[in-house]
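Please keep the sequence and the 3D view side by side as you read.

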Amino acid sequence: MRIFSALSSLLLAGAAVAQSSDCAPKSSDVQTLQFAWALQHLSERFWSSQSLNQTFLSNATNATTANYPPNFQGITRENRLGVRAVQQIGNSISNFTTPRCNITIPQSANADSFLKNALQVEQTVAGGLIGLAAFTQSPEVSFLLARLAAQHSAQAAYLGTEQNATFFPANSTSLIPAYTPDQLIKATNQTGQLGTLLKGCVTPPAGPCGQQVNIGPLVATLNSTRTGGGTSSSASASASTTGATSLASPTTTATATSAARNRRFF
């Protein structure tokens, strides 16, 4: 009887280990994590490439009330931590390697063009991380993606409410926009597309369960049309709700204003 009891204990222990292993990040998560790393790296490089001192920001929209310098320091710090977090999860997978990304950073000739570019980058990165959450079956990876998406959504909301009189329209018909990897790598300057900045440094992961992800205004669905990243039908919602549809050129300035706010978010 003791032998059977010992065998039962070993079988239960083995089952627990196998179940834990099934939930751990694995090789199929590598491309998802590499894509997340590229998005996080882009945001981190964008914020650290500009000297965000009081002199540069003094003429920005709502500069006297938005408390930009300390908030931007906090955003820059959070984005660096985000890169570290993706790297930490990635390093737990034997075949994970950090992508070699020679990214392009949008140039900002003045503070308002920087604010406009920052809003678009943060909205797109947030939506991209939400979309990536459909491309993993690992709780650790999905938790990280959800946490990073929330971080960038908060950053975008701070930027958006300082630049726009109405950032959350009463007639909205969509949840926060989300984008599939296939959508993100398109080479335009529109919100939801980062191909001109990422320049092909990462490859979109295959669709989950061998299917295509289709993102709608409220939910995402799967179908077996193909195994690529899928579609993002909510992509157009971002442009209509924020007023920031393309990256600012060096001579572009943000024109929308919002009510004065004196607060510290980050």
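The paragraphs below turn to the cysteines and then to a pair of helices.

The model shown here is predicted, and it holds one disulfide. That bond is formed by C101 and C201, whose sulfur atoms lie 2.2 Å apart, and because the torsion about their S-S bond is about 70 degrees, the disulfide is right-handed. C101 sits in the loop between α4 (68–90) and α5 (111–132), while C201 sits in the loop between α8 (195–198) and β1 (212–215), so the pair ties together parts that are 100 residues apart in sequence.

How accessible are the cysteines, C101 to begin with? C101 is buried, with a relative accessible area of 17%, and C201 is likewise buried, with a relative accessible area of 17%; both values fall under the 20% cut-off for a buried residue. C23, by contrast, is partly exposed at 37%, and C209 counts as exposed because its relative accessibility is 56%.

Two packed helices are described by the angle between their axes and the distance between the axes. The axes of α2 (residues 30–48) and α4 come within 9 Å and cross at roughly 155 degrees, which means that α2 is roughly antiparallel to α4. The crossing in which α2 passes α4 is left-handed. On the side of α2 the contact includes L33, W37 and W47, and on the side of α4 it includes F72, I75 and V83. Sorted by class, the contact of α2 with α4 has nine nonpolar, nine polar and three charged residues.

Technical notes:
Residues numbered from 1 in each chain as written. Predicted model: local features only at pLDDT ≥ 70, side-chain atom pairs only at ≥ 80, totals over all residues. Heavy atoms only, no water. Disulfide = S-S within 2.5 Å. Helix = DSSP H or I, 4+ residues; strand = E, 2+ residues; numbered from the N terminus. Buried < 20%, exposed > 50% of the residue type's maximum accessible area, 1.4 Å probe, protein only. Axes fitted to C-alpha atoms, helices over the stretch in contact; angles between N-to-C directions. Parallel < 35°, antiparallel > 145°, perpendicular 65-115°, else oblique. Left-handed = near helix turned anticlockwise from the far one by under 90°. Contact = heavy atoms within 4.5 Å. Nonpolar A, V, L, I, M, F, W, Y, C, P; charged D, E, K, R; others polar.
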